[in-house]
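Here is a short briefing on the structure shown below.

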Amino acid sequence: MIGYYNVSVILTYFSVVVSVYGTLFALNNQISFALLCLMVCGLCDMFDGTIAAKVDRTENEKKFGVQIDSLCDVLNFGMFPAIIGYAIGLRDFWSISCMAAFILAAVIRLAFFNVDEDIRQRETPDQSRAYYRGLPVTSVAMIIPFFVMGNAVITQFTLMVYYPILLLMLAFFFLLDFKVKKPKGISIWVMCFIGMIVFFIVYKWGELIV
């Protein structure tokens with residue numbers, strides 16, 4: 001069979017399946033379940049690199065891992081959040097334009113770092129591994145559910161107005177060249193704990209989101 005199917009890409013493949021289910025949830029107006037799927041995709045992405053680093057891989061398997069990760073990120077953290085926006089009723093020209101800009105920025109960012117991967121691997125860890133350049137696309141797995149929760153807990157919050165603006169801002173920060181410190185050690189567990197809280201709130205009060 002064409003492709004690679006070792007343990008290093010299992011989470012990546014699984015995240016795509018979750019994203020497909022999340023898309024179907026969104027299109028069936030089950031927005032809370034779609035957001036939960038988005039968070040699961042983020043969790044998979046957080047740990048797939050750790051698993052891959054512990055597995056002996058050929059050079060082709062490593063290159064495949066880079067490509068498949070980016071392709072899946074386009075679906076999970078580019079198209080999927082835009083589909084959620086469409087599902088909650090964002091159908092006007094302004095909203096569609098914001099979603100298109102968001103997807104385009106995600107694609108440009110991921111393509112850029114695919115090309116740049118060989119250079120980054122030759123850099124020292126302090127230069128290339130301690131920081132992200134710009135906002136990583138996977139951050140939307142936490143930012144968007146946290147943001148959308150505002151519609152459930154703040155009565156003055158208008159999701160239909162602010163969601164397109166959020167996507168436009170995220171698109172800008174995807175491409176802005178600034179340093180974002182990579183989480184590691186205790187920071188990862190803190191993020192997981194916060195994610196669990198957000199996950200619980202979305203699950204518990206998700207029917208109030210839209």
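Buried means under 20% relative accessible area, exposed means over 50%, and partly exposed lies in between (1.4 Å probe, protein chains only). This is a predicted model: local features need pLDDT of at least 70, side-chain atom pairs count only at pLDDT 80 or more, and totals for chains, interfaces and linings use all residues. Residues are numbered from 1 along each chain as its sequence is written, and side-chain values use heavy atoms, with hydrogens and water left out. Helices (H or I, at least four residues) and strands (E, at least two) are DSSP runs, numbered from the N terminus.

**Salt bridges**

- The structure holds two salt bridges; the term stands for a side-chain nitrogen of Lys or Arg within 4 Å of a carboxyl oxygen of Asp or Glu.
- Lysine 62 pairs with glutamate 59 in a salt bridge, with the closest N and O atoms 3.8 Å apart.
- Lysine 62 and glutamate 59 are three residues apart in helix α3, so about one helical turn separates them.
- Lysine 62 is partly exposed, at 35% relative accessibility, while glutamate 59 is exposed, at 51%.
- Aspartate 177 forms a salt bridge with arginine 133, and here the closest N and O atoms are 2.9 Å apart.
- Aspartate 177 sits in the loop between α9 (159–175) and β2 (179–181), and arginine 133 in strand β1 (residues 131–133), so the pair ties together parts that are 44 residues apart in sequence.
- Aspartate 177 counts as exposed, at 52% relative accessibility, and arginine 133 as partly exposed, at 39%.

**Nonpolar core**

- A nonpolar core is a set of buried Ala, Val, Leu, Ile, Met, Phe, Trp, Tyr and Cys residues joined through side-chain atoms within 4.5 Å.
- The largest such core has 40 residues, of which Ile84, Ile144, Tyr163, Leu170 and Phe174 touch the most other members.
- Elements giving two or more residues to this core are α1, α2, α3, α4 (93–115), α7 (140–148), α9 and α10 (186–205).
- Helix α2 supplies the largest share of this core, eight residues.
- Contact means heavy atoms within 4.5 Å.
- Not counting residues up to four places away in sequence, isoleucine 84 touches Ala26, Ile31, Ala34, Leu35, Leu38 and Tyr163.

- Threonine 23 lies in helix α1 and is buried, with a relative accessible area of 16%.
- Phe80 and Ile83 are in contact with threonine 23, leaving aside its neighbours within four places in sequence.
- Serine 95 is found in helix α4 and is buried, with a relative accessible area of 2%.
- Leu90 and Pro164 touch serine 95, not counting residues up to four places away in sequence.

**Cavity**

- On a 1 Å grid over the protein atoms alone, a cavity is a set of points where a 1.4 Å probe fits but cannot get out, and lining residues have an atom within 4 Å of a point.
- Grid points are joined across faces, edges and corners, and a volume is the space filled by probe spheres set on the points.
- The structure holds one cavity of 30 Å³ or more, and the largest cavity has a volume of about 50 Å³.
- Residues lining the largest cavity include Leu11, Cys41, Asp45, Asp69, Cys72 and Phe77.
- The elements that give two or more residues to this lining are α1 (10–27), α2 (31–53) and α3 (59–87).
- The largest share of the lining, five residues, comes from α3.

How values were computed:
1 Å grid on protein atoms, 1.4 Å probe; cavity = no way out; pocket = protein on both sides within 12 Å on 5 of 7 lines; lining within 4 Å.
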